[in-house]
Amino acid sequence: MRRYLHEWVVFMMESQEIRHVNIKKKKNRSLYFGVAVDTGELLTVDAVPRGLDCRCICPACSTRLEARKGDKKAHHFAHETNNECHYGPELSIYRAFFAFLQKNLKFYLPDAILKFNSYKKPETVRKGYLQDLTNVELISDPGKYPPTLLCSAGSNKFQLVLNIENYYNKSDYSELAAAGKEANIAVIAVDVESVDDITSTDDLSKYILEAGNKTWLYNRVVEEWDKRYREAAVRPTEFESGHLCLAQKYQFKNVYSALMEDCISCQYCYDFRVEAFCLAHSYIDHVDDFKKPLTIRKQEFEKANQIKPIKKISEHQCPQCGAPLRRRNGPNGVFAGCSRYPECKGSRQVEQSTEQVIIYDRKKSQYRKW
């Protein structure tokens with residue numbers, strides 16, 4: 001883990017909720033929200049009197065705050081004492097999110113995007129939309145950061161993880177996604193570039209009620225679509241050092257085939273790390289293809305890739321006498337033999353699954369040295 005990471009998140013399942021323990025130490029930031037001593041309400045610095053008359057405490061450590069409203073620096077809260085409080089600004093933003101969500105009971109869910117372990121373009125499997133909420137919870141243990149911010153929409157729950165000033169890295173996101181999956185709770189990361197971006201509740205609207213600034217870390221919808229793609233993928237038949245290419249993008253020795261490096265960059269490659277990775281055999285390219293009958297998918301696939309009928313064995317000529325070849329069965333499977341046999345014993349090898357005649361001819365083949 002990177003600098004400041006001294007203890008990673010400990011996840012525990014308790015009534016389908018995720019609890020976190022202290023994980024990183026960050027330097028102090030400006031504090032723009034305080035908790036009113038009398039009411040427990042979260043207040044902005046501009047909403048309270050100057051100095052200790054603000055009667056506010058820190059959302060993280062409960063130390064008394066002083067409202068500083070000078071002319072040189074932006075208005076902000078400061079701790080009355082010089083105690084070390086690393087998470088006051090961040091926790092105050094969580095509290096601000098919580099208060100805004102409780103009041104509005106709406107959150108804009110981002111696009112659900114399926115990413116592939118290949119160069120296939122990511123697919124949007126569900127468009128983003130404004131979701132009505134039925135409940136919002138903020139679970140915060142004293143001295144612990146980050147807290148858990150949970151939103152409910154009926155029986156469905158999702159956790160909001162605020163990535164304030166790049167607090168999380170890629171490895172952290174993987175851990176959060178795994179924990180969300182284990183707890184059966186969706187997880188959304190909300191990117192907050194700086195603590196200074198949120199100094200009042202008005203600044204929260206773009207993060208909560210609008211698209212952008214957020215990404216799914218774990219979403220069952222994405223997982224279900226990934227399963228559908230995985231089930232549609234097959235391992236293509238091997239040929240030489242590569243695989244047969246149903247999309248007819250490459251050719252070697254007169255046989256439509258491709259190297260693994262070609263497969264990885266193909267739009268029909270689901271995941272090059274697994275054995276079943278080719279979607280071309282199911283005629284699947286986009287999410288919408290799953291809704292179409294197989295016959296329609298096949299027609300569109302052939303049109304999009306300009307598929308040519310594979311030449312029959314009888315359409316090839318004997319390499320020795322030029323007579324038509326014929327399909328013959330031998331001890332090693334199908335091969336192409338001369339129609340003038342036994343006068344002529346010329347023959348060609350045949351790829352067994354598609355019965356494409358194997359010919360090394362620089363003029364007739366797109367030759368790639370394997």
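Predicted model: local features only at pLDDT ≥ 70, side-chain atom pairs only at ≥ 80, totals over all residues.

Me: What makes Glu66 and Arg68 a salt bridge?

Reply: The rule asks for a side-chain nitrogen of Lys or Arg within 4 Å of a carboxyl oxygen of Asp or Glu. Here the closest N and O atoms are 3.9 Å apart, so the pair passes. Arg68 is partly exposed, at 40% relative accessibility. The structure holds 17 salt bridges.

Me: Which parts of the chain does the pair Asp132 and Lys106 tie together?

Reply: These two side chains meet in a salt bridge at 2.5 Å, N to O. Asp132 lies in strand S11 (residues 129-132) and Lys106 in strand S8 (residues 106-109), so the pair ties together parts that are 26 residues apart in sequence. Strands (E, at least two residues) and helices (H or I, at least four) are DSSP runs, numbered from the N terminus. Asp132 is partly exposed at 45%, and Lys106 is partly exposed at 31%.

Me: Why are Arg230 and Asp226 said to be about one helical turn apart?

Reply: Because they are 4 residues apart in helix H4 (residues 220-232). Arg230 has a relative accessible area of 39%, so it is partly exposed. Elsewhere, salt bridges that share partners join Asp289, Lys292 and Glu300 into one network.

Me: What makes a space a pocket rather than a cavity?

Reply: On a 1 Å grid over the protein atoms alone, a cavity is a set of points where a 1.4 Å probe fits but cannot get out, while a pocket is an open set with protein on both sides within 12 Å along at least five of seven lines. Lining residues have an atom within 4 Å of a point. The largest pocket holds about 1000 Å³ of space, and 26 residues line it, with Ile113, Lys115, Trp216, Leu217 and Val222 nearest its centre. Strand S9 (112-114), helix H2 (170-183), strand S16 (214-218) and H4 each give two or more residues to that lining.

Me: How do you know that strands S18 and S20 pair?

Reply: Two strands pair if DSSP finds at least two bridges between them. There are 2 bridges joining S18 (residues 242-244) to S20 (residues 255-258), and the strands run antiparallel, so they pair. His243 has Ala258 in S20 as its bridge partner. The open sheet has 4 strands in the order S17-S18-S20-S19.

Me: Why are S17 and S19 called edge strands?

Reply: Strand S17 (238-239) and strand S19 (251-252) each pair on one side only.

Me: Is His75 buried, partly exposed or exposed?

Reply: Its relative accessibility is 31%, so His75 counts as partly exposed. His75 sits in the loop between strand S6 (65-68) and strand S7 (76-79). Leaving aside neighbours within four places in sequence, its contacts (heavy atoms within 4.5 Å) include Tyr32, Val45 and Arg68.

Terms used: Residues numbered from 1 in each chain as written. Heavy atoms only, no water. Buried < 20%, exposed > 50% of the residue type's maximum accessible area, 1.4 Å probe, protein only. Points joined across faces, edges and corners; volume = space filled by probe spheres on them.
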